[in-house]
Amino acid sequence: MSKKTHQQQLAARKARRQAEREAERRRQRRNLAITITSVVAVIVVIVGVFIVVGTGGDDSPAASPSELPASAGPDNKPKSIPTAVAAAPKRATPLPAEVTCTYKKGTEAASKKVNPPADGKTKASGTSNVSLNTSIGDLQLTLDSSLAPCAVKNFLSLVGQKYYDNTKCHRLTVGEGLQVLQCGDPTGSGSGGPGYSFADEVFPTLKYGRGTLAMANSGPNTNGSQFFIVYGDGSGLSPDYTAFGTIDEPSLKLIDKVAEAGVTPQNGPTDGAPITPVNIKTATAAA
């Protein structure tokens, strides 16, 4: 083997290692994007309770969340889940009648073949209904364009292209302050996306309560396809995640059961894959 060939092989191996490390960093950034803001909240409330994110469900009867004692379950299950659905998020100052949406191509390839929505003016009013037919039952979403018109346009585009069909919700958090089910990555790894991104549509008074639907991200203006459903307590989240709709109460009760079944710990005892799988078979927008 020539010296030049040997050097080329060394360079190729080094490039592969760097690419693998960068892929792992991206996965960790996306997984931690939601939880990072809860760290401060944990410090504040650690004397009384630990903050987590979660959802759950199985086919067997279970006590309702309000009936579970505060000490119920191991760390990989929620000790309690709020039962009251939060008021839908609302902007204090309405958006203009139309906004301009831009979807920028990223450096990462799409996890599943898909086209970005067209750039341009988008109406900032009206609602759209989407049904997720999943392994735990149908989840009914209401998308609100007055909150985040670009996120709604993106979500409907992905639904229309069947991007979410045959994917799984890869992440569940079950601690107080952060109780969410995260979906939207066809790879199921937590690092996959559509190969493009769009800007945040947030506002300072944004709060996340039981029933809020929001975009996951790996930093400012990195929205893509991953989203999360707040099924319980979202008080540990800062207003950095684009809320673009809500999920109805019967759907939340299905997710409660998933949360009660617990998680397989991955990012700590309260954060990981749901023990009860939540697989999205099809996503359909109402005509």
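How do β8 and strand β11 (residues 227-230) pair, and over how many bridges? They pair in the antiparallel sense, over four bridges. (Helices, H or I of at least four residues, and strands, E of at least two, are DSSP runs numbered from the N terminus; two strands pair if DSSP finds at least two bridges between them.) One of the places to look is C183, whose bridge partner in β11 is F227.

Before going further, a word on what you're looking at. This is a predicted model, where local features need pLDDT of at least 70, side-chain atom pairs count only at pLDDT 80 or more, and totals for chains, interfaces and linings use all residues. Residues are numbered from 1 along each chain as its sequence is written, and side-chain values use heavy atoms, with hydrogens and water left out. The pLDDT is the predictor's confidence in each residue, from 0 to 100; its mean for the protein is 84, and 75% of the residues reach 70 or more. Watch out for residues 36-73, though, where pLDDT stays under 50. Where pLDDT is low, the predicted coordinates should not be read in detail.

The protein has four helices and 15 strands. Eleven strands make an open sheet with antiparallel pairing, in the order β6-β15-β4-β5-β12-β10-β11-β8-β7-β14-β13. At the edges sit β6 and β13, each of which pairs on one side only.

Strand β7 (residues 171-173) runs antiparallel to β8 and is joined to it by two bridges, with L172 standing opposite L181. These two strands form a hairpin with six residues between them, and G177 in the turn has a positive phi of about 95 degrees.

On to strand β14 (residues 271-274), which pairs with β7 in the antiparallel sense over two bridges; here T173 stands opposite D271. Strand β13 (residues 263-265) then joins β14 through three bridges, again antiparallel, and V263 has P274 as its bridge partner. There's a hairpin here too: β13 and β14 have five residues between them, and G268 takes a positive phi near 115 degrees.

Elsewhere in the sheet, eight bridges join strand β4 (residues 127-134) to strand β5 (residues 137-144), and the two run antiparallel. V130 stands opposite L141 in this pair. Helix α3 packs on the sheet, touching β4, β5, β10 (212-215), β11, β12 (243-247) and β15 (279-285), and its direction makes about 145 degrees with that of β5. (Contact means heavy atoms within 4.5 Å; axes are lines fitted to C-alpha atoms, for helices over the stretch in contact, and angles run from 0 to 180 degrees between N-to-C directions.) Helix α4 (residues 249-261) packs on the sheet as well, touching β5, β7, β8, β11, β12, β13 and β14, with its direction at about 120 degrees to that of β5.

V159 is buried, with a relative accessible area of 5%. Leaving out residues up to four places away in sequence, V159 touches V130, Y164, A283, T284 and A285. V130 is 29 residues from V159 along the chain, yet their C-alpha atoms are separated by 8.3 Å.

That brings us to the aromatics. Rings of Phe, Tyr and Trp (its six-membered ring) pair if their centres lie within 6.5 Å; planes under 30 degrees apart count as stacked, over 60 as edge-to-face and the rest as tilted. The count by this rule comes to ten aromatic pairs. Y164 and F227 are edge-to-face, because their ring centres are 5.4 Å apart and their planes lie at 80 degrees. Y164 lies in the loop between α3 (149-160) and β6 (167-168) while F227 is in β11, so the pair ties together parts that are 63 residues apart in sequence.

Terms used. Buried means under 20% relative accessible area, exposed over 50%, partly exposed in between (1.4 Å probe, protein chains only).
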